[in-house]
Amino acid sequence: MTAPLIDPFQRAISYLRVSVTDRCDFRCVYCMSENMTFLPKKELLTLEELDRLSSTFIRMGVEKLRITGGEPLVRRDIMTYFQAMSRHLESGALKELTLTTNGSQLERFADDLFAAGVRRVNISLDTIDETKFAEITRWGRLPQVLRGIDAAQKAGLRVKINAVALKGFNEGELFTLTEWCAERDMDLTWIEVMPMGDIGNESRLTQYWSLKDLQSELAKQYTVTELSESTGGPARYVRLEETGQKIGFITPLTHNFCESCNRVRVTCTGELFMCLGQEDNADLRAPLRANAESEKPLEDAIRQAISHKPKGHDFDYSRQALGGQMTRHMSHTGG
Ligand code: SAM
Ligand code: SF4
């Protein structure tokens, strides 16, 4: 292990999110346009490069690794990468290996993921209405995802559902979705829709459903207890006393979590984003490819980049003008 990664604000970087592909078998309306142009394969980090990059971060103190995308499970041979990462779980250097997925491929991969040491998985699901599911994901089919969720639970994976809160879309499912998750012993996290990418900005502003309002609605039916645990990220949690369920709220547009931020993101092309809300990034692919024998150039590039991790980000809906709007898609940085 080399010296740990500490940013200029004394925050230790212990959590890495890696996007392993920009491709996806769905086309969620808030995430992608219908006709996406994907990156040429040669631009992507190879599985071996992903291994070198992740292992270097782990040597530098990363203890939690989340794999995302695009849809991580559509990347060819991605299980090879998960299997390779399990050696860091076995050594104790890595405390958690996990992923965020749309669930479409879990029927196929749940057992392999468990065997590689994955114990928890976040599955994105905004609605349990089949017609609405097809509408929001454009290409997704609900029964396939439900079979994926069943397979994950059967394999022994703990499932958390992530739902994007969309006014006029899944507002009416607040209680049905909550109860559906409770019956299956799954926690549920709501994500505030973010002004990412360049599609449908106008409608997205009107789709904005404040999680404060959502929580007040929940409190009409349940006893809601605030939980104090902090993840170092934009999520806060409550417990519903009647169901025992944990409900999360991810509000990336508020600034209140930046001071405890412990995470960075790497895209599938090896760009390191120090902050989800800032364009500033560092290229790690060139140092990776510069020397296949030594990780020194990569380590130097990571250290240099972390020394520029900004204090906070700059989204702001309140200005009503999409201040701090990002031009990249969520599928690029993996959320
Ligand atoms: N394909 C996987 C999935 O859907 O879980 C992983 C990648 S996806 C980009 C990660 C998360 O970002 C998903 O939960 C998705 O709902 C969320 N997401 C995508 N676009 C978003 C947006 N504009 N605002 C808020 N969340 C968004
Ligand atoms: Fe694909 Fe996930 Fe984006 Fe939906 S949110 S289009 S499943 S990457």
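Colleague: In which sense do strand S1 (residues 15–19) and S10 pair, and over how many bridges?

Modeller: Helices and strands are DSSP runs (H or I, at least four residues, for helices; E, at least two, for strands), numbered from the N terminus, and two strands pair if DSSP finds at least two bridges between them. Here S1 and S10 pair in the parallel sense over four bridges, and the bridge partner of Leu16 in S10 is Val264. This is a predicted model, in which local features need pLDDT of at least 70 and side-chain atom pairs count only at pLDDT 80 or more, while totals for chains, interfaces and linings use all residues. Residues are numbered from 1 along each chain as its sequence is written, chains are lettered from A and ligands numbered from 1 in the order in which they are written, and side-chain values use heavy atoms, with hydrogens and water left out.

Colleague: How many bridges join S10 to strand S11 (residues 271–273), and in which sense do the two run?

Modeller: S10 and S11 run antiparallel and are joined by two bridges, with Arg265 opposite Phe273. Four residues lie between the strands of this hairpin, where Gly270 takes a positive phi near 90 degrees.

Colleague: Which way do the side chains of S10 point?

Modeller: In a regular strand the side chains alternate between the two faces of the sheet. In S10, Arg263 and Arg265 point one way and Val264 and Val266 the other, yet all of them are buried, a word that stands for under 20% relative accessible area, with exposed over 50% and partly exposed in between (1.4 Å probe, protein chains only). For the protein chain, buried residues make up 55% of the 335 residues.

Colleague: What is the order of the strands in the sheet?

Modeller: The open sheet has 12 strands in the order S7-S8-S9-S6-S5-S4-S3-S2-S1-S10-S11-S12, and its pairing is mixed. Strand S7 (224–226) and strand S12 (281–283) are the edge strands, each pairing on one side only. From one strand to the next the twist averages 25 degrees, where angles run from 0 to 180 degrees between N-to-C directions and axes are lines fitted to C-alpha atoms, for helices over the stretch in contact. Helix H6 (residues 174–183) packs on this sheet, touching strands S5, S6, S8 and S9, and its direction makes about 145 degrees with that of S6; contact means heavy atoms within 4.5 Å.

Colleague: How should I read the packing of two helices, and at what angle do helix H3 (residues 106–115) and helix H5 (residues 142–155) pack?

Modeller: Angles under 35 degrees count as roughly parallel, over 145 as roughly antiparallel, 65 to 115 as roughly perpendicular and the rest as oblique. H3 and H5 pack at about 20 degrees with their axes 8 Å apart, which makes H3 roughly parallel to H5. Leu106, Glu107, Ala110, Asp111 and Phe114 of H3 meet Arg147, Gly148, Ala151, Ala152 and Ala155 of H5. This contact has six nonpolar, one polar and three charged residues, where Ala, Val, Leu, Ile, Met, Phe, Trp, Tyr, Cys and Pro count as nonpolar, Asp, Glu, Lys and Arg as charged, and the others, Gly among them, as polar.

Colleague: How do H6 and helix H8 (residues 211–221) cross?

Modeller: Their axes come within 11 Å and cross at roughly 70 degrees, and H6 and H8 are therefore roughly perpendicular to each other. The contact brings Leu174, Phe175, Thr178 and Glu179 in H6 to Leu214, Glu217, Leu218 and Gln221 in H8, and by class it has four nonpolar, two polar and two charged residues.

Colleague: Which residues of helix H2 (residues 78–91) are buried?

Modeller: The buried residues of H2 are Ile78, Met79, Tyr81, Phe82, Ala84, Met85, Ser86 and His88, and they pack against helix H1 (47–59), S2, S3 and H3. Just after H2, Gly92 takes a positive phi of about 90 degrees.

Colleague: What is the phi of Arg138?

Modeller: Most residues other than glycine have a negative phi. Arg138, in the loop between helix H4 (130–137) and H5, has a positive value near 60 degrees, and at 24% relative accessibility Arg138 counts as partly exposed. Asp185, in the loop between H6 and S6, also has a positive phi, of about 55 degrees, although it is not a glycine.
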